[in-house]
Amino acid sequence: MPKPHALTDVTTLRRDARKHLELGAVTADYSADRQQVIQQLNEALATELVCVLRYRRHYFMARGIHAKGVAAEFLAHSNEELGHADLLAARIVQLGGEPDFAPNHLTDRSHAQYVAGTTLTDMIREDLVAERVAINSYRDMVRYLGTDDPTTSDMLKTILAVEEEHADELADLLTDLPQSA
């Protein structure tokens, strides 16, 4: 059975807390590659922003007899993706980075694509593809972090759970829609 990690004595905790105050939440025992984590978080931020925009477009463009409920789902997902973007941006700043909101290369940095879709079925399908991309991306990031950055990992797991919920809801919508929608 592995020996449990010894706790740091209070004197050492207090002394170490006074060192490198400019780093804020990043303390000496932060073991992840901070620049790499910030880059990954900025890519995730771009992905979320692209998803916000695609869902917003789909909300406004949804037409037909089945559109009202589907459009409401698009709007709800857009708002949740914006919340994810805010979480990611805040964590980037906590780690001493700068969130990249520059629109000129947003789609280049995003893991998901921006595909407009023409029919309700196309829109749902494209949103589902993007959610599945995000799911795999967040799982990769969690695996990459391991135990080196539990705060970021926990945040990503929370976002991942919502992305999985979105994918499940979109898959249900696809099942419920007639093929011609």
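**Charged pairs and pockets**

Reply: Arg91 forms a salt bridge with Asp149, with the closest N and O atoms 3.0 Å apart; a salt bridge here is a side-chain nitrogen of Lys or Arg within 4 Å of a carboxyl oxygen of Asp or Glu. This is a predicted model, in which local features need pLDDT of at least 70 and side-chain atom pairs count only at pLDDT 80 or more, while totals for chains, interfaces and linings use all residues. Residues are numbered from 1 along each chain as its sequence is written, and side-chain values use heavy atoms, with hydrogens and water left out.

Me: Which parts does the Arg91 and Asp149 pair tie together?

Reply: Arg91 lies in helix α3 (residues 67-94) and Asp149 in the loop between α5 and α6 (150-176), so the pair ties together parts that are 58 residues apart in sequence. Helices are DSSP runs (H or I, at least four residues), numbered from the N terminus.

Me: And is Arg91 buried or exposed?

Reply: Arg91 is buried, at a relative accessible area of 7%, and Asp149 counts as buried too, at 2%. Buried means under 20% relative accessible area, exposed over 50% and partly exposed in between, with a 1.4 Å probe and protein chains only.

Me: How many salt bridges does the rule give?

Reply: The count comes to five. Among them, Asp127 and Arg54 meet at 2.6 Å, N to O, and this pair links distant parts of the chain, with Asp127 in helix α5 (residues 120-145) and Arg54 in helix α2, 73 residues apart. Asp127 is buried at 0%, and Arg54 is buried at 0% as well.

Me: What about Arg143 and Asp140?

Reply: Arg143 forms a salt bridge with Asp140, the closest N and O atoms being 2.7 Å apart. Arg143 is exposed at 58%, whereas Asp140 is partly exposed at 45%.

Me: Switching to pockets, what volume has the second largest pocket?

Reply: Its volume is about 190 Å³. Of the 13 residues lining the second largest pocket, the closest to its centre are Tyr30, Asp148, Asp149, Pro150 and Thr151. A pocket, on a 1 Å grid over the protein atoms alone, is an open set of points where a 1.4 Å probe fits, with protein on both sides within 12 Å along at least five of seven lines, and lining residues have an atom within 4 Å of a point. Grid points are joined across faces, edges and corners, and a volume is the space filled by probe spheres set on the points.

Methods:
Helices (H or I, at least four residues) and strands (E, at least two) are DSSP runs, numbered from the N terminus.
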